[in-house]
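Subject: A structure for you to explore

Hi there,

Here is the structure I promised to pass on to you. Have a look around it first, then read my notes below.

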Amino acid sequence: MTTDLALLFGLFGAVFALLLWGKFRYDLVAFGALMLAVTLGLVPSAKAFSGFGHPATLIVALVLIVSAGLVRSGAVYLITRTMIDSARKIGSHIAIMGAVGAVLSAFMNNVAALALLMPVDIQTAYKAGRAPGLTLMPLSFATILGGMVTLIGTPPNIIIASIREETLGAPFGMFDFAPVGGAAAVAGLIFVAIVGWRLIPDRGATGARALDLQQYIAELTVPEDSPLIGKRLNELRTEADAADVAILGLIRDGKRRYGRQGNTPLRAQDALVLEATPEALDEFRSALKLDFSDTRREELLQVEGDGLRLIEAVVPQNSPAVGRTTQGMGLAWRQRTVLMGISRQGRRITRQVRKTEIFPGDILLLLAPRETAEDVVDFLGCLPLAERGLAVTQDRKTWIAIGLFAAAVAAASFGLIYLPVALGLVVIGFVLGKIIPLAEIYDHVEWPVVVLLGSMIPLGAALEDAGGTQLIANALVGLTQGMAPWMILGVLMVVTMTLSDVLNNTATTIVAAPVGIEMARALEVSADPFLMAVAVAASAAFLTPIGHKNNTLILGPGGYEFGDYWRLGLPLEILIVAVTLPVLMIVWPFTP
């Protein structure tokens with residue numbers, strides 16, 4: 001073993017010890033290790049920052065932006081309304097989401113499958129009042145498991161098929177991976193849904209957003225051409241319950257109607273009086289195609305190209321808005337801003353929202369042009385609440401966003417375009433289509449995750465270039481001499497999994513597959529079970545957030561720490577080995 005290789009093994013050991021300790025932030029540890037490796041000459045200076053331009057790093061950043069666009073366009077609300085019930089028990093939710101994610105991952109890139117479902121899962125967690133971290137890791141693992149089932153499900157399967165063609169004369173077919181990969185996927189999904197999720201630390205709502213949100217009294221108006229006209233108010237209850245919105249009544253001809261209005265047929269320009277959080281209001285408005293309740297809303301919506309923003313502002317005692325109404329202050333025509341709702345704890349609001357006198361301590365929910373949002377708060381003499389990333393759903397562009405995303409995924413899946421390029425084109429389409437304002441593109445990227453991945457990739461490449469992976473392969477061949485074939489398969493799977501948890505699974509496959517073939521030749525048995533064992537094990541990277549792009553993708557939104565993954569990942573990897581070995585010996589016998 002060379003000095004450089006010994007230093008690299010020592011550096012990796014120190015990095016993982018610090019990451020598992022958790023005292024220092026993971027991006028600081030990884031970047032510090034990279035700088036130390038460059039200083040010691042272990043990583044060439046010219047390649048020091050190559051990880052930040054690596055496809056894996058770009059995919060993680062782009063997927064986060066694309067996910068935000070799918071939320072903003074209303075695509076996520078569409079999925080949650082049609083197939084997800086936030087009232088389900090967490091185990092049932094994980095089973096359903098995991099099954100959907102696994103099926104999608106079998107026929108499309110598993111990163112793209114997670115990109116589609118991750119915002120759905122976060123939204124469902126928010127509505128159910130639980131931390132998104134409890135379900136995001138099971139979803140990520142499910143999409144990884146689903147990729148094992150088909151040839152195109154994950155890069156290791158494609159590489160294994162190519163290596164088999166080069167060495168044995170014929171590649172694996174589309175569904176040759178299904179018996180072994182399917183057994184591993186089914187067993188893994190059942191375990192995660194019943195037992196596994198209980199092993200994940202519950203860190204509260206530290207990930208996607210805080211769950212204790214302000215409830216507002218708000219109004220939304222029935223448009224002139226709405227299909228809701230003629231329907232009774234009670235018929236909206238199901239949609240309201242799905243969005244966690246309480247319907248308090250309606251306003252007609254400027255007069256608030258009290259009592260039971262459930263059988264009242266709706267008319268154009270009726271205003272529904274609602275109580276809900278900002279996100280719930282936006283979901284309900286998007287689902288039923290309702291209008292903002294203000295006479296100047298059409299003029300306001302013309303600034304959509306610059307972006308609209310939801311602002312929460314608290315009214316202090318000395319605000320000039322105290323004792324006045326936003327209609328009287330000319331908020332709409334002076335500031336092109338709509339008062340969406342008022343939160344007034346313990347006090348009843350009896351008039352139309354825009355005609356309600358503002359009291360000290362009120363919290364106002366305002367819809368304003370992005371570029372003048374701060375001026376609106378100053379105009380009212382209010383204090384802005386902490387930014388929570390509230391946004392207005394562009395529900396008229398739902399199918400445009402879905403179409404762009406689906407086209408990119410299809411093109412990438414059939415090899416017509418490189419996945420990072422496909423995702424980049426989707427981001428450009430979202431910006432040009434005014435689904436995501438250009439000003440907030442970079443707000444959706446989890447930069448600590450990018451730094452972690454960009455720092456660890458050059459370190460992994462240095463370990464491979466220094467002969468570290470080859471050293472492990474040679475030791476593996478010597479270790480397994482004299483063992484029974486099924487035991488050798490088990491050792492090969494365990495070592496491949498371990499490498500895949502540290503290195504890119506593509507690099508792991510390239511190293512481990514030839515080792516498996518050599519083992520088969522030494523035993524004079526078929527190489528197919530060894531290649532299949534490598535395919536499953538290379539994809540089963542569940543111990544760290546850097547083992548698979550999907551694990552990295554959920555690190556920030558799930559509020560996880562580096563050491564959280566092994567709690568669920570270790571028993572899952574053990575289960576996969578236990579299930580895969582007997583299936584391999586049945587479906588792919590050792591006899592050539």
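A salt bridge here is a side-chain nitrogen of Lys or Arg within 4 Å of a carboxyl oxygen of Asp or Glu. D528 lies in helix α21 (residues 528-539) and R164 in helix α8 (residues 155-168), so the pair ties together parts that are 364 residues apart in sequence. Both residues, D528 and R164, are buried. Buried means under 20% relative accessible area, exposed means over 50%, and partly exposed is in between (1.4 Å probe, protein chains only).

Before going on, a word on how to read all this. This is a predicted model, where local features need pLDDT of at least 70 and side-chain atom pairs count only at pLDDT 80 or more, while totals for chains, interfaces and linings use all residues. Residues are numbered from 1 along each chain as its sequence is written, and side-chain values use heavy atoms, with hydrogens and water left out.

How many salt bridges does a search of the whole structure find? There are three. Side chains of opposite charge can pair when their charged atoms come close. D270 counts as buried because its relative accessibility is 2%, and R252 counts as buried at 7%.

D27 and R25 also meet through their side chains in a salt bridge (2.6 Å, N to O). Is D27 buried or exposed? With 10% relative accessibility, D27 is buried, whereas R25, at 53%, is exposed.

Now for the aromatic rings. The count comes to seven aromatic pairs. Rings of Phe, Tyr and Trp (its six-membered ring) pair if their centres lie within 6.5 Å; planes under 30 degrees apart count as stacked, over 60 as edge-to-face and the rest as tilted. F141 and F542 have ring centres 4.6 Å apart and planes at 55 degrees, so this pair is tilted. F141 sits in helix α7 (residues 133-146) and F542 in the loop between α21 and α22 (549-553), so the two tie together parts 401 residues apart in sequence. Both F141 and F542 are buried.

Ring pairs also link F172, F177 and W588 into a cluster. R164 turns up again here: it lies over the face of F172, at 4.8 Å from the ring centre. For a charge to sit over a ring, NZ of Lys or CZ of Arg must be within 6 Å of the ring centre and within 35 degrees of the ring normal.

Finally, the whole protein. It has 23 helices and nine strands, which are DSSP runs numbered from the N terminus (helices: H or I, at least four residues; strands: E, at least two). Of its 592 residues, 57% count as buried. Residues 24 or more positions apart account for 80% of the contacts (heavy atoms within 4.5 Å) with a separation of 6 or more.

Enjoy exploring, and write back with any questions!
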